[in-house]
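Visitor: I have a structure to look at and would like to talk it through. Can you put it up?

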Amino acid sequence: MTSPSNRGAPVSTEPRINDRIRVPEVRLVGPNGEQVGIVRIEDALRLAQEADLDLVEVAAQARPPVCKLMDYGKFKYETAQKARESRRNQQLTVIKEQKLRPKIDPHDYQTKKGHVARFLSHGNKVKVTIMFRGREQSRPELGYRLLQKLAEDVAELGFVESNPKQDGRNMIMVLAPHKNIKPRVVKHDDDDATEADDTASDEA
């Protein structure tokens with residue numbers, strides 16, 4: 001039974017190494033990936049010591065467990081470096097939102113289109129929402145045509161990732177930037193001032 005003092009303790013994800021491997025025998029893999037075979041744990045530890053390497057358990061669930069001779073400190077360092085590099089190369093996908101009314105006037109449309117174009121040029125996806133009110137709900141084709149027009153107007157910057165679909169009183173379409181468009185760093189001072197306007201509903 002687990003003692004009360006161990007309950008809730010974090011489970012270690014580190015592999016067992018050297019003297020922490022407590023099994024009678026292991027399937028040993030050499031430092032270059034060569035198969036040594038099944039050996040007694042004492043012999044595996046001796047080989048690791050002679051080669052100035054660590055004995056690392058790489059497949060604990062196997063019978064017998066698989067262990068490899070390696071420089072564990074160097075392995076951990078290189079793994080951490082690769083993980084950092086992978087995170088650095090990942091691009092955070094941000095979804096912006098732009099709301100329009102089906103009977104938006106030409107000037108407001110140009111303004112809204114400009115916001116959508118800017119979002120796409122920064123490498124962000126854009127969720128475009130057409131908001132229907134009252135009798136407008138009986139004319140969904142107005143919203144559909146408006147979304148189609150918007151998609152065509154910004155076709156150089158992005159494409160329709162999710163086609164227009166009805167969602168209650170709204171109609172939604174998602175635009176995504178073309179792959180050759182890389183996110184640009186923008187000043188947060190300017191963004192804070194424009195974000196509220198960009199995502200605000202068109203009450204006109």
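Guide: First, a definition: two strands pair if DSSP finds at least two bridges between them. Helices (H or I, at least four residues) and strands (E, at least two) are DSSP runs, numbered from the N terminus. This is a predicted model, where local features need pLDDT of at least 70, side-chain atom pairs count only at pLDDT 80 or more, and totals for chains, interfaces and linings use all residues. Residues are numbered from 1 along each chain as its sequence is written.

Visitor: OK. In what sense do β5 and β6 pair, and over how many bridges?

Guide: β5 pairs with β6 (residues 125-131) in the parallel sense, over 6 bridges. Within that pair, Q98 is opposite V128 in β6.

Visitor: And which residue of β8 does V128 stand opposite?

Guide: M173. β6 and β8 are antiparallel, again with 6 bridges.

Visitor: What's the strand order in the open sheet?

Guide: The order is β5-β6-β8-β7, with mixed pairing. β5 (95-100) and β7 (158-167) each have a single partner strand, so one side of each lacks a neighbour in the sheet.

Visitor: New topic. How many residues of β8 are buried?

Guide: 7 of its 8 residues are buried, where buried means under 20% relative accessible area (1.4 Å probe, protein chains only).

How values were computed: Side-chain values use heavy atoms; hydrogens and water are left out. Buried means under 20% relative accessible area, exposed over 50%, partly exposed in between (1.4 Å probe, protein chains only).
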